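The following paragraphs lead the reader through a protein model, from its overall contacts to individual residues. Please keep the sequence and the coordinates at hand.

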Amino acid sequence: MVVLAASIISKSGKALISRQFVDMSRIRIEGYLAAFPKLVGTGKQHTYVETENVRYVYQPIESLYLLLVTNKQSNILEDLETLRLLSKLVPEYSFSLDEEGVCRTAFELIFAFDEVISLGHKENVTVAQVKQYCEMESHEEKLHKLVLQSKINETKDVMKRKASEIDKSKIERNRSEKGGFMSLQSMGSGRMDTGFGSDTNLSSLGGSGSGFGASTDVDSFSTKSKGRPVASATGPPKGLGMQLGKTQRTNQFLESLKAEGEVIVEDVRPSIGQSKPAAPPPTDPVTLTVEEKIIVTLKRDGGISNFNVQGTLSLQILNQEDGLIQVQIETSVNPAIHFNTHPNINKELFSNENILGLKEPSRPFPANQSGDGVSLLRWRMQSADESILPLTINCWPSVSGNETYVNIEYETPAQTDLQNVVIFVPLPALREAPRIQQIDGEWRYDSRNSVLEWSIVLIDNSNRSGSLEFIVPAADPDVFFPISACFTASRTFSDLKVANILPLKGGSPPKFSQRTLLATENYQVV
């Protein structure tokens, strides 16, 4: 089998993307692609066309053609198998199967095609493996980023030292300028204070009602020299305290670094959790979003303390004229799931026919809503069954001499694929990163929060279980809890699907698409 090229062509004959896999002139490939629309007939049962030189193997995808150009000596069965694999990859990267959606994700599709076909021959890969290869992180890139971040941190340390030296020199100048006045003030109180010795004297100076206006300078000096704000009724709001390195001089130093091309990263405390991934803007006239958030608390010795799933079905309509519709859905038969419709939805129609429509059919659904649109349906699920958990985490810390050996395992049930899995393990305060003995995946040590982050890009049938083993100095086993995790999945507990869009004004229904997402809101082992 030799695949000469793979392409996605519109039914009007326009080649949206094309990838050449053998050494052949560009003009010749373009000639093959230009001849294809003239060879395709309507009403035929087969999906291949042969000419004197090549064979066209194609598959219609809505208003597009997915096309393979092969030589006539290739195995037609292998060609069809390659075509089926590519047809599964296209919806994974293109959110809408039209010209705009394919052109917007052209590079992603070409990279995916390269993973399936190499030098004209099909690779033995699956859809999940292709997605994993395309999202694979580069070790050299991560090392470069670490080196760059270390340089930035060193520059910031130098910046803080310079700012501190500037502040000290300013304090010394203020001290010499105000020295005569402070001696006069001390003599008036009956004693000599050298160097502004105590907080009590500073408070008495600030509240002496002196008309010389020097109490502001004295308070400022005390704050900077002792490293803490002076207690007073007119002090800064509680919780703000001092902000080191945030003076005007520091900002000017940062601006000069930015002008020289340096990338300045602010010190922001990362939060353990996961934010909702930003969804692409809708392109279809009607978009329905199924989203479930899972809240789970597991016991370290086994069992479930809390299992709660909250889901919503949202409707987004681009044009007001497409708002006169009803939505027919399909759900799995699960008595543990309780559905609640929006107050404006016809509850009787939903209970009898699983159709979501307004109580007043003459009113259209609102269009151009922010976010995911208007919520039509909500549901909730609670359970104590451990078999339905999407991810199980076990941790066994054991102390041996001056070291603690920690073994952590994860396990997922069959038919449950998880993406972007990150497990956060709290650690005792360490001077250096823990020693990793064995790991399935990637790891990163957050020294600021003393947390070990264990990352797995994709969990599928190839890695239903995995383990992590590391060594730290002797510590209490309770230090390694609670363990948190975050992940996403494309399969929900409700298994809700949009079956059809029913127009109320007659005619053909508007084109619609469905987005499905399961994400963690709080997933812990305590």
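**Overall organisation**

Of the contacts in the protein with a separation of 6 or more, 68% are accounted for by residues 24 or more positions apart, a contact being heavy atoms within 4.5 Å. The model is predicted, with local features needing pLDDT of at least 70 and side-chain atom pairs counting only at pLDDT 80 or more, while totals for chains, interfaces and linings use all residues. Residues are numbered from 1 along each chain as its sequence is written, and side-chain values use heavy atoms, with hydrogens and water left out.

The protein contains 11 helices and 23 strands; these are DSSP runs numbered from the N terminus, helices being H or I of at least four residues and strands E of at least two. Of its 526 residues, 37% count as buried, where buried means under 20% relative accessible area, exposed over 50%, and partly exposed in between (1.4 Å probe, protein chains only).

Consider S10 in strand β1 (residues 3-10). With a relative accessible area of 3%, S10 is buried. Leaving aside residues up to four places away in sequence, S10 touches L16, S63, L64, Y65 and E99.

Two packed helices are described by the angle between their axes and the distance between the axes. For helix α2 (residues 76-93) and helix α5 (residues 127-134), the axes come within 10 Å and cross at roughly 50 degrees; axes are lines fitted to C-alpha atoms over the stretch in contact, and angles run from 0 to 180 degrees between N-to-C directions. The two helices are therefore oblique to each other, since angles under 35 degrees count as roughly parallel, over 145 as roughly antiparallel, 65 to 115 as roughly perpendicular and the rest as oblique. On the α2 side, the contact is made by L85, K88, L89, E92 and Y93, and on the α5 side by V127, V130, K131 and C134.

An open sheet is formed by 3 strands in the order β12-β10-β22, with antiparallel pairing; two strands pair if DSSP finds at least two bridges between them. Because β12 (355-356) and β22 (497-503) stand at the edges with a single partner strand each, one side of each is left without a neighbour in the sheet. Strand β10 (residues 325-330) is joined to β12 by 2 bridges, and Q328 has I355 of β12 as its bridge partner.

The loop between β12 and β13 (374-382) holds P364, which is partly exposed at a relative accessible area of 32%. P364 touches Q320, G323, L324 and L358, not counting residues up to four places away in sequence. P364 and D322 are 42 residues apart in sequence, yet 7.9 Å apart in space, C-alpha to C-alpha.
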